[in-house]
Amino acid sequence: MGAKTALLVYADGDAGQALRNAEEFDRAATEALVARLLPGLKLVAVTDGNLGSNINPPAGLLYAGVFRDLTVICAAELGEIRPGDLRPGWLAEGAGRRVILHSMHSVSDFLGFAAWGADGTLERALCLSPGDGIVEDRGDRLPFERAYWAGRHPVEDDDEPYPLPFHPLDLGEDALAALCGFVIEGMPLAGMPDQGRVPLAGFRLGVPQMTLQRSHGRPIVQPSAIDVDSQVRRLGDGLDYLIVDVGGQNYLQAAIGGRYDIPAGVFWVERREGSPDLHFRCEVDTLEEVTEIYRGYLNDQDGWGDRHWEQIWL
């Protein structure tokens, strides 16, 4: 199977030490956590799992555990994810604690990891693969990385040069050991936690009722209000457009001026109410107005307000 991870951790202190003590999770707190992460999504409990077996669950399943000093989340959407694409709501859930993301995949040689401090400040984020190269490299390099960047771990390949100065999975194992205290492959060191003894609650995820689509980055399925609000505020600062799609040709979309034939200095907000002949547009001047419309739309698809909406034909 190879080394694959799709892991998010919130830790009050040392994650490795907390994992060694993670013998029993709080089921009620875990269920409440998952409901906050995916608001409105139907969740069905499945057989409990563990960190060793379920660190990279298939699509449609999520495993999590809330422990005394630690929270663990394993979800398919964390697989092969750029740290910059982590849901804002999932990052915010770890406020006041250290947040660690680790995503690794042995088929594509993908590695993405990140760490945020208790105040939410990004400490380090790295994402790379031989296919895409280095796509994210933010923050100061951590001690366990330095030998790799110094060229002390070259990839021995007799056929052709490896496109990176080291193998992502080798660094990924060292990152996992340094940040979370354990490894997937290789001989575990004395004192490392046994992932198979860390229990996790399992959940089958229902069909999403809402999707947040962005001009850049992965779609966010069943977004929270924090997810939507934070992405709206990125319009013009990393995002060109944003769409909240609730299915059945019902959606709200906004785009920044100066693109897509939209006059500079304004935003176009459009909503469709089930068919092409029920498509409406309003023009607003500020990002705050766009945010207000989106907040209203999330509240039972309201948000018309007292603005002038013009019916348009596409």
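Visitor: Which residue in the turn between β10 and β11 has a positive phi?
Guide: In this predicted model, local features need pLDDT of at least 70 and side-chain atom pairs count only at pLDDT 80 or more, while totals for chains, interfaces and linings use all residues. Residues are numbered from 1 along each chain as its sequence is written, and side-chain values use heavy atoms, with hydrogens and water left out. Helices (H or I, at least four residues) and strands (E, at least two) are DSSP runs numbered from the N terminus; β10 and β11 form a hairpin with five residues between them. In its turn, the residue with a positive phi, about 105 degrees, is Gly-217.

Visitor: Which residue in β12 stands opposite Leu-212?
Guide: Two strands pair if DSSP finds at least two bridges between them. β10 and β11 pair in the antiparallel sense over two bridges, with Leu-212 opposite Ile-220. β10 is also joined to β12 by four antiparallel bridges, and in β12 the residue opposite Leu-212 is Val-244.

Visitor: What is the bridge partner of Gln-253 in β14?
Guide: Strands β13 (residues 250-256) and β14 (residues 267-273) are antiparallel and pair over seven bridges. Among the paired positions, the partner of Gln-253 is Glu-270.

Visitor: Is Tyr-297 buried or exposed?
Guide: Tyr-297 belongs to helix α7. Because its relative accessible area is 1%, Tyr-297 is buried.

Visitor: Which elements give two or more residues to the lining of the largest cavity?
Guide: On a 1 Å grid over the protein atoms alone, a cavity is a set of points where a 1.4 Å probe fits but cannot get out, and a pocket is an open set with protein on both sides within 12 Å along at least five of seven lines; lining residues have an atom within 4 Å of a point. The largest cavity has a volume of about 30 Å³, a volume being the space filled by probe spheres set on grid points joined across faces, edges and corners. Its lining includes Val-228, Val-232, Tyr-294 and Leu-298. The elements giving two or more residues are α6 (225-232) and α7.

Visitor: Against which elements do the buried residues of α6 pack?
Guide: The buried residues of this helix are Asp-227, Val-228, Asp-229, Gln-231 and Val-232. They pack against α3 (88-92), β10 (211-214), β11, β12 and α7.

Visitor: How much space lies in the largest pocket?
Guide: Its lining has 21 residues, of which Leu-38, Glu-77, Arg-87, Leu-205 and Val-221 lie nearest the centre. β3 (61-66) and β11 each supply at least two lining residues. The space in this pocket is about 340 Å³.

Visitor: Which residue in β4 stands opposite Leu-8?
Guide: Nine strands form an open antiparallel sheet in the order β2-β9-β3-β4-β1-β5-β6-β7-β8. Within this order, five bridges join β1 (residues 4-11) to β4 (residues 70-75). In β4, the residue opposite Leu-8 is Ile-73.

Visitor: How many residues has the largest nonpolar core?
Guide: A nonpolar core is a set of buried Ala, Val, Leu, Ile, Met, Phe, Trp, Tyr and Cys residues joined through side-chain atoms within 4.5 Å. Ile-73 is among the residues with the most contacts inside the largest core, as are Leu-7, Leu-51, Leu-70 and Trp-90. A second, separate core of 23 residues includes Leu-212 and Val-244. The number of residues in the largest core is 62.

How values were computed. Buried < 20%, exposed > 50% of the residue type's maximum accessible area, 1.4 Å probe, protein only. Contact = heavy atoms within 4.5 Å.
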